[in-house]
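Please read it alongside the sequence and the coordinates shown below.

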Amino acid sequence: MNKVGLIFILFLSFSGIYAQDEIWMRPNRGQWHENISYKIGIPAGQLYIEKQGFTYDFSTIREHYDHGHGHVDAPESIHHHIVKTTFIGAQTPTFEELNPSSFYENYFLTNDPNQWVANSRAFTEIVYQNLYPKINLRLYGTHQTLKYDVIIAPGGDPSAFKVAYEGQDKLELIEGELMVSTSLGTITESKPIAYQIISGIKRKVKCEYNLVGNEMSFTFPDGYNEAYELVIDPELKFSTFTGSTSDNWGMTACPDIDGNLIGGGIVFGSGYPTSPGAVDVSFNGGAVDLGITKFNADGSDIIYSTFIGGNGSETPHSIIVNDANDLYIMGATSSTNFPVGGSAYQPENNLGGGAIIDGINFMAGADIFILKLSAAGNVILGGTYLGGSGFDGISEDGDVVHNYGDQLRGEVVVDDASNVYIASTTTSFDFPVIGGFDGTIGGSKDAIAAKFNSNLSSLLWSSYVGGSGDESGNSIKVSATGDIFMVGGTTSTNFPNTTGNIHPAYMGGTVDGYLIKFIAPAYTAEATYLGTNDYDQAYLVDLDIDNFVYVYGQSSGAYQTDGPNYINPNSGQFIHKISNDLGTTEWSSVFGAGSGVAEISPTAFLVSDCYEIYIAGWGGETNFAVGSTTSGFPTTPDAYQNVTSGNNFYLAVFTADMAGLKYATFMGDPSSDGDHVDGGTSRFDKSGTIYHAVCAACYSSGGVFPTTPGVFSPEKGPTNCNMAVFQFELAKIEAVLSTGAPVICIPDPVIFENSSLYGDEYLWIFGDGETSTEFEPTHFYEEPGVYNVMLIVSDAAGCYTPDTAFIEVTIALFEGEAGTLSDTICPGTSAVDIPKYYANWDEEFWVVAPTPDRTYDITLAYDKEPPTITTDTSGTYLSNKYSDLLLYACLVNAYGYLKGPQDMLQYYQGEYSQALETYALEQIGNRSIRPPRILYSPGLMTCATWL
């Protein structure tokens with residue numbers, strides 16, 4: 001099983017003739033210059049595949065964009081930058097074309113019909129056959145990434161593969177990656193991955209780039225087994241430019257109780273896909289509507305998809321399901337006819353205030369809305385407005401609006417009884433307060449917390465939250481005992497009820513974070529500041545199974561780091577574990593790029609039942625926060641995507657109490673400057689799978705986001721942003737086993753090697769009726785044969801789905817018996833001076849050839865002699881027609897082999913007698929540690945050894 005499983009889904013668009021998640025290689029059938037073999041469209045221009053290399057043609061032909069989602073500025077001129085690579089010393093290859101397209105293309109590029117090309121199909125994969133002797137190059141696409149594999153057959157020389165670069169501004173190795181810098185972007189060749197498949201097991205081989213001047217090659221610090229095929233597997237990624245307007249922006253996502261993904265965003269017109277029977281299949285005519293879609297488990301289809309809206313604008317800030325799989329949506333609306341239903345606590349929109357928020361027209365004002373949608377998406381089960389005469393549900397401006405999208409934050413959660421809790425913001429002096437500890441707005445903008453019954457017909461409790469400054473209400477959680485925890489940002493030096501807790505006084509700077517607890521059932525309040533003497537804000541809160549509180553936020557100051565935790569010093573994101581009474585710091589830490597400012601905008605947060613900590617966030621040019629970026633964030637070697645343009649999402653998992661970084665990856669288009677969200681929250685489930693919405697692919701034309709084959713809509717709509725959603729399993733057990741040897745001989749035991757990750761319980765099923773629960777057992781088989789061994793890895797806490805791995809074990813008798821055929825090599829140990837040979841049998845001939853770096857002693861016996869002697873240039877072959885010759889093969893050192901395979905037979909036959917007398921007998925005397933075995937079969941003696 002792979003470390004991670006993922007589903008990418010690109011929301012609606014049916015335009016275009018093929019899926020954009022495929023990278024198509026278009027062959028030259030005579031329509032282009034003869035140097036071009038294939039052409040590939042890349043986000044920044046064109047890539048030309050030639051017989052002796054690649055040519056990259058980057059250009060600014062795509063428009064750059066201003067992400068106000070409002071206007072596009074065309075570049076004054078088109079600029080090109082060419083980079084050419086050449087395979088040094090390569091042969092003239094032939095091309096193998098694989099996976100043809102279902103579509104075809106015609107090229108009528110001149111007035112001469114003889115040069116017209118019709119019905120030309122593209123391919124997703126091509127292979128350079130025999131680029132070098134016994135070396136092929138495979139070129140293909142995966143996850144919007146162009147990749148190549150260098151495949152070296154046994155006998156091939158990997159040092160022959162060399163690539164020269166010309167035309168770049170700079171060529172350098174940075175942390176093992178090859179960076180090719182141009183005036184229009186950067187080609188990044190990720191750290192190479194090399195592997196060999198030996199006895200059915202994929203074994204990694206350490207591989208590195210070697211850069212001398214402008215020439216790149218590969219080196220293998222630990223060597224590799226030259227008897228098996230070697231695959232070198234780097235990745236090509238492109239850094240480029242973007243530009244577009246928008247029609248569908250991603251904001252929020254959550255799982256349902258079956259693990260299906262639900263995404264929510266806004267739609268600017270009627271082109272959104274809807275499903276039959278959905279609650280609203282038509283655009284409602286205001287500025288923007290909600291677009292809500294539930295996908296099936298693999299993202300190949302929709303379960304339901306619907307508009308929701310009225311005559312104004314509405315934005316979804318948070319969604320969640322209850323135990324009945326009903327969906328609750330919380331956001332803001334300026335519509336006077338938003339469908340809140342007949343039993344709403346507040347049936348009318350009080351409006352008030354008004355502004356243009358991220359290009360969305362709320363000039364008429366806004367109230368908070370909460371809506372309950374049935375599991376099938378076909379019935380509104382309840383809903384309400386919530387607000388006073390001011391601007392509600394939107395944090396219009398001020399220092400607490402630090403990141404792009406902060407205006408449109410807040411959260412909705414439910415308890416076991418489906419009571420509904422929200423955190424949001426208000427400027428209304430007359431916001432409805434029921435039983436709250438604070439009934440008066442303190443500054444120009446306060447946070448609010450509220451609790452409703454299940455169908456939203458009754459407001460059970462609500463309160464202002466704030467002091468004399470501004471507050472944001474970003475996140476809310478409910479404990480098993482009914483206590484409410486809420487976080488946000490504050491500029492108030494008199495935030496209420498902080499006395500006696502971790503930080504009772506304002507910490508300084510422009511904004512502090514806060515954590516407030518409402519103690520059930522009366523909801524009395526305790527609070528604490530969180531921060532430094534710089535900008536700080538708390539964005540997400542969660543609780544572990546012991547009811548400790550965890551806060552995920554931003555800081556541009558020197559946030560406290562208490563405890564022996566994983567730390568990226570001087571970084572702009574903090575995680576803080578706090579006692580349930582808010583009086584004690586358990587530990588706190590920071591992570592990120594070490595830039596000294598807040599770097600990513602937090603979007604999702606989880607503390608699992610195994611105490612692991614999961615985070616998500618995004619950064620980059622779209623975010624107006626100074627210094628926002630994903631560049632410099634640490635990733636792990638098994639990252640799904642270890643390259644970023646600085647404008648992507650970052651996902652990470654930390655071990656319990658943040659003791660270490662378990663997994664980290666970037667997510668998005670590594671050539672984009674536009675992956676982001678426009679507010680809202682996304683979610684993890686308790687098993688560690690993230691469900692995330694994205695505003696993606698914002699180009700004036702084209703634009704990509706990584707999608708997987710077979711999903712509902714692998715390509716976006718033309719010229720506009722589309723909401724994309726992805727589902728990514730970050731918490732996985734990975735079962736990996738091996739034996740270290742392909743064949744084990746009785747009575748030797750099989751020593752199993754366990755390289756599994758993240759489990760702590762093991763069940764081995766050996767295939768002979770025996771089992772073990774040890775981590776790395778040793779097992780003795782009593783009978784020869786082939787056994788299927790299974791390893792099941794699980795965790796005692798039940799946090800993850802168990803994983804299973806299999807391997808075949810071949811068990812053989814150590815000594816051959818007269819009258820039988822044994823084609824198995826049985827390893828033992830041998831003195832270092834035993835000759836370097838191995839033996840094999842294929843019913844026709846007997847083969848002896850060198851095998852380096854092994855310490856095995858091999859014995860073979862056959863009941864018949866081969867009819868022919870076979871030789872070629874790939875090894876050393878000895879006839880077993882002569883028993884004395886085989887004795888010589890056992891005893892003579894490697895100098896005979898050095899004479900070469902073709903004359904070795906003649907050498908042995910001509911010099912046999914003298915060598916046996918003068919050398920072989922001497923060598924027998926020298927092998928006092930362990931002499932070669934000599935076995936007899938009818939009319940035949942066979943023997944061979946290897947080192």
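**Salt bridges and cavities**

Across the whole structure, the search finds 12 salt bridges. The model is a predicted one.

**Lysine 84 and glutamate 50**

- The side chains of lysine 84 and glutamate 50 form a salt bridge, at 2.7 Å from N to O.
- Lysine 84 belongs to strand E8 and glutamate 50 to strand E4 (residues 45-50), so the pair ties together parts that are 34 residues apart in sequence.
- Glutamate 50 has a relative accessibility of 14% and counts as buried, because the cut-off for buried is under 20%.
- Lysine 84 has a relative accessible area of 28% and is partly exposed.

**Aspartate 542 and lysine 686**

- A salt bridge joins aspartate 542 to lysine 686, with 3.9 Å between the closest N and O atoms.
- This pair links distant parts of the chain, 144 residues apart: aspartate 542 is in strand E44 (residues 536-543), and lysine 686 is in the loop between strand E52 (683-684) and strand E53 (689-696).
- Aspartate 542 is buried, at 7% relative accessible area, while lysine 686 is partly exposed, at 39%.

**Lysine 577 and aspartate 657**

- Lysine 577 and aspartate 657 meet through their side chains in a salt bridge of 3.0 Å, N to O.
- Here too the pair links distant parts of the chain, 80 residues apart: lysine 577 sits in strand E46 (residues 573-578), and aspartate 657 sits in the loop between strand E50 (649-654) and strand E51 (661-667).
- The relative accessible area of lysine 577 is 9%, which makes this residue buried.
- Aspartate 657 counts as partly exposed, with 33% relative accessibility.

**Cavities**

- The count comes to four cavities of 30 Å³ or more.
- The largest cavity has a volume of about 70 Å³.
- Strand E5 (53-59), strand E8 (80-87) and strand E15 (163-166) are the elements that each give two or more residues to the lining of the largest cavity.
- Residues lining the largest cavity are Phe54, Tyr56, Thr85, Phe87, Leu137, Tyr148, Phe161, Val163, Tyr165, Glu189 and Met216.
- By class, the lining of the largest cavity holds nine nonpolar residues, one polar and one charged.

How values were computed:
Residues are numbered from 1 along each chain as its sequence is written. Side-chain values use heavy atoms; hydrogens and water are left out. On a 1 Å grid over the protein atoms alone, a cavity is a set of points where a 1.4 Å probe fits but cannot get out, and a pocket is an open set with protein on both sides within 12 Å along at least five of seven lines; lining residues have an atom within 4 Å of a point. Grid points are joined across faces, edges and corners, and a volume is the space filled by probe spheres set on the points. Helices (H or I, at least four residues) and strands (E, at least two) are DSSP runs, numbered from the N terminus. Ala, Val, Leu, Ile, Met, Phe, Trp, Tyr, Cys and Pro count as nonpolar, Asp, Glu, Lys and Arg as charged, and the others, Gly among them, as polar. A salt bridge is a side-chain nitrogen of Lys or Arg within 4 Å of a carboxyl oxygen of Asp or Glu. Buried means under 20% relative accessible area, exposed over 50%, partly exposed in between (1.4 Å probe, protein chains only).
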